[in-house]
Amino acid sequence: MTDLLPGVTAVLVLADGTVFQGIGCGATGDALGEVCFNTAMTGYQEILTDPSYMDQIVAFTFPHVGNVGVNPEDVEQLGDDPKRAAKGAIFRDVPTPPANWRSAMSFNDWMASRGVVGLAGIDTRALTKRIREKGMPHGVIAHDPEGKFDIAALTKKAADWAGLVGLDLALDATSAQSSTYTSDLWKWAEGHKDGQKKDFNVVVIDYGVKQNILRALISVGASVKIVPAKTTAEEILAMKPDGVLLSNGPGDPAATGAYAVPEIKKLVDAGLPVFGICLGHQMLALALGAKTVKMEQGHHGANHPVKDVTTNKVEIVSMNHGFAVDRDSLPEGVVETHVSLFDGTNCGIALANAPVFSVQHHPEASPGPVDSLYLFERFAQHMRDAKVSA
Ligand SMILES: NC(=O)CC[C@H](N)C(=O)O
């Protein structure tokens with residue numbers, strides 16, 4: 001029996017019965033998921049609208065969140081369906097009211113309107129240390145202004161959850177229909193300019209795509225068509241694309257791979273330039289014959305050092321993944337191009353003799369540094385070269 005402190009209006013209950021007690025914010029109710037920590041100092045709206053966080057609860061290690069409010073431009077998911085993003089969020093301090101010229105709404109009201117259950121006022125450093133030592137736990141955040149919690153039932157709920165391993169969430173995150181996209185990268189004093197470019201036709205397979213990937217493609221000259229996750233290689237080839245982008249997305253790549261991997265293999269075999277990002281990277285690796293694994297420690301932040309071993313340059317990148325490509329499983333002909341300087345895990349691969357490559361990190365940033373934007377230019381160059389040799 002856990003005795004709750006007076007004034008507690010939200011709790012985080014882990015599958016092993018550990019209880020963190022704090023103050024509720026955002027939506028009331030409860031949210032179940034895998035608990036991870038994110039070390040980004042900015043970009044909470046982009047993080048909480050990234051579809052790759054489906055079925056996860058994000059604990060922010062940066063203590064002050066909310067000061068720039070939220071705005072309609074910083075939504076990363078396509079559309080604004082709250083079910084296609086993080087379910088819950090944890091903060092050191094109660095989110096502050098907004099004080100920023102771009103703010104259209106307070107962060108707290110926005111979380112409430114989206115059904116994102118929030119817990120503030122806990123020792124996020126203790127939670128982070130626990131995750132570092134024991135891995136990412138299953139947990140439930142519950143928020144009740146009356147402070148009434150059935151801890152035993154919440155513990156059972158967390159313990160009974162099967163978790164992310166083996167879970168295909170891309171089918172929940174993907175677009176129902178094909179669409180085109182026309183917005184360019186955000187520029188100071190201009191915002192997002194509209195306008196498809198016509199240098200390349202890129203088909204984006206949407207497993208839960210972030211909008212800044214689409215904008216980054218447009219910035220290098222692409223006209224962008226988005227297709228649902230289950231679109232076949234034949235259907236894509238009939239669109240005569242110059243290249244295919246495999247998007248980020250939630251869930252276990254091995255589960256998603258069942259329907260997507262054979263189609264990706266056919267696209268590679270057709271000789272098309274292919275660029276995979278995060279889940280797209282993991283699924284490309286599966287299509288090329290490698291394996292993916294669940295990580296002890298996920299990577300979630302906007303300050304991770306990654307080395308491009310083809311150029312020996314280090315880039316500081318945005319990260320959000322809990323699965324990884326097993327480098328020891330890379331077959332002959334698949335080259336490791338990028339490595340995490342935090343833990344040495346694989347962060348990029350390329351085919352030695354074809355315009356096919358992918359990265360584990362997020363070159364589109366949003367949030368985070370833009371060191372890796374050059375990868376979109378690398379993809380554009382592959383498409384240019386393929387056009388010349390066609
Ligand atoms: N951002 C992503 O695409 C995440 C990929 C995958 N769901 C993982 O957690 O590793």
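**Figure 1. Glu364 in its loop.** Glu364 lies in the loop that runs between strand E19 (356-359) and helix H10 (374-389). The model shown here is predicted. Glu364 has 27 other C-beta atoms within 10 Å and is therefore buried, since 20 or more are enough for that label. Leaving out residues up to four places away in sequence, Glu364 touches Lys210, Asn212, Ile213 and Ala216.

**Figure 2. The annotated active site.** In an unreviewed entry, UniProt places the feature "active site" at Cys278, His362 and Glu364. These residues span 87 residues in sequence, but no two of their C-alpha atoms are more than 11.1 Å apart, so they gather at one spot.

**Figure 3. Cys278 and its contacts.** Cys278 sits in the loop between strand E14 (274-277) and helix H9 (279-287). Cys278 counts as buried because 31 C-beta neighbours fall inside 10 Å. Neighbours within four places in sequence aside, the residues in contact with Cys278 are Ser52, Asn248, Asn320, His321, Gln360 and His362. One of them, His362, also belongs to the UniProt "active site" feature.

**Figure 4. The hairpin of strands E1 and E2.** Strand E1 (residues 10-14) pairs with E2 in the antiparallel sense, over four bridges. Val13 has Val19 in E2 as its bridge partner. Four residues separate the two strands of this hairpin, and Gly17 in the turn has a positive phi of about 95 degrees.

**Figure 5. Strand E2 beside strand E6.** E2 is also joined to strand E6 (residues 117-120) by four bridges, and the two run antiparallel. Here Gly24 stands opposite Leu119 in E6. Six of the eight residues of E2 (residues 19-26) are buried, so the strand is largely enclosed by the rest of the structure.

How values were computed. Residues are numbered from 1 along each chain as its sequence is written. This is a predicted model: local features need pLDDT of at least 70, side-chain atom pairs count only at pLDDT 80 or more; totals for chains, interfaces and linings use all residues. UniProt positions are given in the numbering used here, feature names are shortened, and annotations may be inferred rather than shown by experiment. A residue is buried if 20 or more other C-beta atoms lie within 10 Å of its own, exposed if 12 or fewer, and partly exposed in between; C-beta atoms are placed from the backbone. Two residues are in contact if their C-beta atoms, placed from the backbone, lie within 7 Å. Two strands pair if DSSP finds at least two bridges between them.
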